[in-house]
Amino acid sequence: MSVFDEDLPKQPSTTHVVGGDISLLSVDELTARIASLETEIERLESEREKKSAGRKAAESLFRG
């Protein structure tokens, strides 16, 4: 990091921390984080569905 870097405005982190301070984020930054979190929720739900289907298939195999 050079001396000149200190003069640049700090860029907010693109990583969202649950429970973290969001008071300094702009409306655009909040919108971007919401979109990112919605995408992540979809990814998590998809994985949960895959695992649930696999579990149900295994349970039915052992019941049969």
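Colleague: What share of the 64 residues of the protein counts as buried?

Modeller: In this predicted model, 3% of the 64 residues count as buried. The cut-off for that word is a relative accessible area under 20%. The accessible surface of the protein comes to about 6100 Å², and carbon and sulfur atoms hold 59% of that area.

Colleague: Why is E38 called partly exposed?

Modeller: The relative accessibility of E38 is 47%. Buried requires a value under 20% and exposed a value over 50%, so E38, at 47%, falls in between and counts as partly exposed.

Colleague: Which residues form the negative surface patch?

Modeller: E38, E42, E45 and E49. Glu counts as negative, and a patch residue needs over 30% relative accessible area. E38 has 47%, so E38 passes that cut-off.

Colleague: How do you know that E40 and R43 form a salt bridge?

Modeller: The closest N and O atoms of the pair are 2.7 Å apart. The limit is 4 Å between a side-chain nitrogen of Lys or Arg and a carboxyl oxygen of Asp or Glu, so the E40 and R43 pair qualifies. A search of the whole structure finds one salt bridge.

Colleague: Where do E40 and R43 sit relative to each other in helix α1?

Modeller: E40 and R43 are three residues apart in helix α1, which means a separation of about one helical turn.

Colleague: Why is R43 called exposed, and why is E40 called partly exposed?

Modeller: R43 has a relative accessibility of 53%, which is over 50%, so R43 counts as exposed. E40 has a relative accessible area of 29%, which lies between 20% and 50%, so E40 is partly exposed.

Colleague: Which residues make up the nonpolar patch on the surface?

Modeller: I22, L30 and I34, with about 240 Å² of accessible area together. L30 is found in helix α1.

Colleague: Which residues is L30 in contact with, leaving aside neighbours within four places in sequence?

Modeller: I22 and L25. Contact here means heavy atoms within 4.5 Å. I22 is also one of the residues in the nonpolar patch with L30.

Conventions. Residues numbered from 1 in each chain as written. Predicted model: local features only at pLDDT ≥ 70, side-chain atom pairs only at ≥ 80, totals over all residues. Heavy atoms only, no water. Buried < 20%, exposed > 50% of the residue type's maximum accessible area, 1.4 Å probe, protein only. Areas by Shrake-Rupley, 256 points an atom, 1.4 Å probe, with all protein chains shown as cover. Patch = residues over 30% accessible without salt bridge, like charges linked within 9 Å, V, L, I, M, F, W, Y side chains within 5 Å. Charge placed at Lys NZ, Arg CZ, Asp CG, Glu CD. Helix = DSSP H or I, 4+ residues; strand = E, 2+ residues; numbered from the N terminus.
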